[in-house]
Amino acid sequence: MPFPIHRPRRLRQSETIRRMVRETRLSPDNLIYPLFVVPGSSVRREIPSMPGCYQQSVDEIAKEAKEVYSLGIPAIILFGIPEHKDEIASEAYDPNGVVQTAIKALKDRVPELMVITDVCLCEYTSHGHCGIVKDGRVINDPTLELLSKEALSHVKAGADMVAPSDMMDGRVAAIRNALDSEGFENIPIMSYAAKYASAFYGPFREAAESTPQFGDRRSYQMDSTNRREAIKEVSLDIEEGADIVMVKPALSYLDIISDIKDAFDVPVAAYNVSGEYSMIKAASSLGWLDEDRAILEVLTSIRRAGADMILTYFAKDAARLLKRY
Ligand code: PBG
């Protein structure tokens, strides 16, 4: 008969005692802030479906990156919106492309900040798919060559880590191989290992101008019903050389984060994606929930599920809130 011997409320009586028994911690160290870079200068355009997030030119990104680092956030992940799109995503691996230029500026102005780059073709292809299209289908192996070129060009520009998000088979091995053959064996790969085809990428596609012009991404991104398949995807990526594995999105996939954390010994990242951000922004702008509390609760739940790091548009807000609490 546990009661009245056991009274769990004893350990919840005050903020001080709650602090002492807290099982999960959230720190700015756990956060990675996504940034969208566009050509030009003095450009800072708010993304309508993601209030508080901007498409920015290189000069503006450099200013923002300084602020990010000063808030205690160790890393950013860069997405590029190019001047021109074509069938073979030429600007993705152009040494003077928008991302490559931004990397140089960032490493110059905020050298301690870890610059991670998203390696994918969808922002750069005219059809908006993440690979080369032939006869209406995304073809795998020829795409690997372009992804490797893209990753290499980011690293040559100074990127500290690359994060392939395309979900082609074999891309981690191809990128590892390309980096190593040019002497970049110390550059880590964070793979979007279990990336699901999700409705929650909607606002991002507006931000990155990367909506597929025909069809969808279901022939390469995972089916949201599958749990065991995530283990398979992650183990393949680790075998191919992934240093950090990511689950994406985060909130509808907390079970997957937990599975991956239990099954593997590498750091696990989770992407709190655009739709997850916009939902909170929309509800709080209507006065339907307390934004600050929702942010911390959501990010802490992703940590509790097992994520070591979280890519989130709330990184700056969370870092400020954590200082206050
Ligand atoms: C590129 C990519 C996407 C996201 C990150 N990298 C979009 C997609 O796969 O359609 C989504 C990020 C977000 O929604 O915040 N492939």
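Val-245 has Val-268 of β11 as its bridge partner. That contact belongs to a parallel pairing of β10 (residues 244-248) with β11, made over 3 bridges. Two strands count as paired if DSSP finds at least two bridges between them. Helices (H or I, at least four residues) and strands (E, at least two) are DSSP runs, numbered from the N terminus. The model is predicted: local features need pLDDT of at least 70, side-chain atom pairs count only at pLDDT 80 or more, and totals for chains, interfaces and linings use all residues. Residues are numbered from 1 along each chain as its sequence is written, and side-chain values use heavy atoms, with hydrogens and water left out.

Stay with β11. Buried means under 20% relative accessible area, exposed means over 50%, and partly exposed lies in between (1.4 Å probe, protein chains only). In a regular strand the side chains alternate between the two faces of the sheet. Which residues of β11 are on each side? Val-268, Ala-270 and Asn-272 are on one side, with Ala-269 and Tyr-271 on the other. Both faces are covered.

Lys-248 and Pro-249 are joined by a cis peptide bond, with omega about -10°. Pro-249 sits in the loop between β10 and α8 (254-263). Pro-4 is placed in the segment before α1. Most residues other than glycine have a negative phi, and most peptide bonds are trans.

Phi also deserves a look. Asp-135 is not a glycine, yet its phi is positive, near 50°. This residue lies in the loop between β6 (132-134) and β7 (137-139). Asp-135 counts as exposed because its relative accessible area is 75%. Glu-209 likewise has a positive phi, about 50°, without being a glycine. Its place is the loop between α6 (202-208) and α7 (228-240). Glu-209 is at 41% relative accessible area, so it counts as partly exposed.

Arg-7 belongs to the segment before α1 (15-21). Its relative accessibility is 42%, so Arg-7 is partly exposed. Leu-11, Met-20 and Val-21 make a nonpolar surface patch of about 310 Å². Met-20 lies in helix α1. Met-20 counts as exposed because its relative accessibility is 66%.

How are such patches defined? Their residues have over 30% relative accessible area and no salt bridge; like charges are joined within 9 Å, and nonpolar side chains (Val, Leu, Ile, Met, Phe, Trp, Tyr) within 5 Å. A salt bridge is a side-chain nitrogen of Lys or Arg within 4 Å of a carboxyl oxygen of Asp or Glu.

Helix α3 (residues 98-109) includes Val-99. Is Val-99 buried or exposed? Val-99 counts as buried because its relative accessibility is 2%. Between Val-99 and Gly-241 there are 142 residues of separation along the chain, and their C-alpha atoms are 24 Å apart. Glu-112 is in the loop between α3 and β5 (114-119). At 52% relative accessible area, Glu-112 is exposed. Its C-alpha atom is separated by 8.0 Å from that of Pro-74, 38 residues apart along the chain.

Note on methods
Accessible areas come from the Shrake-Rupley method with a 1.4 Å probe; for residues, only the protein chains shown count as cover.
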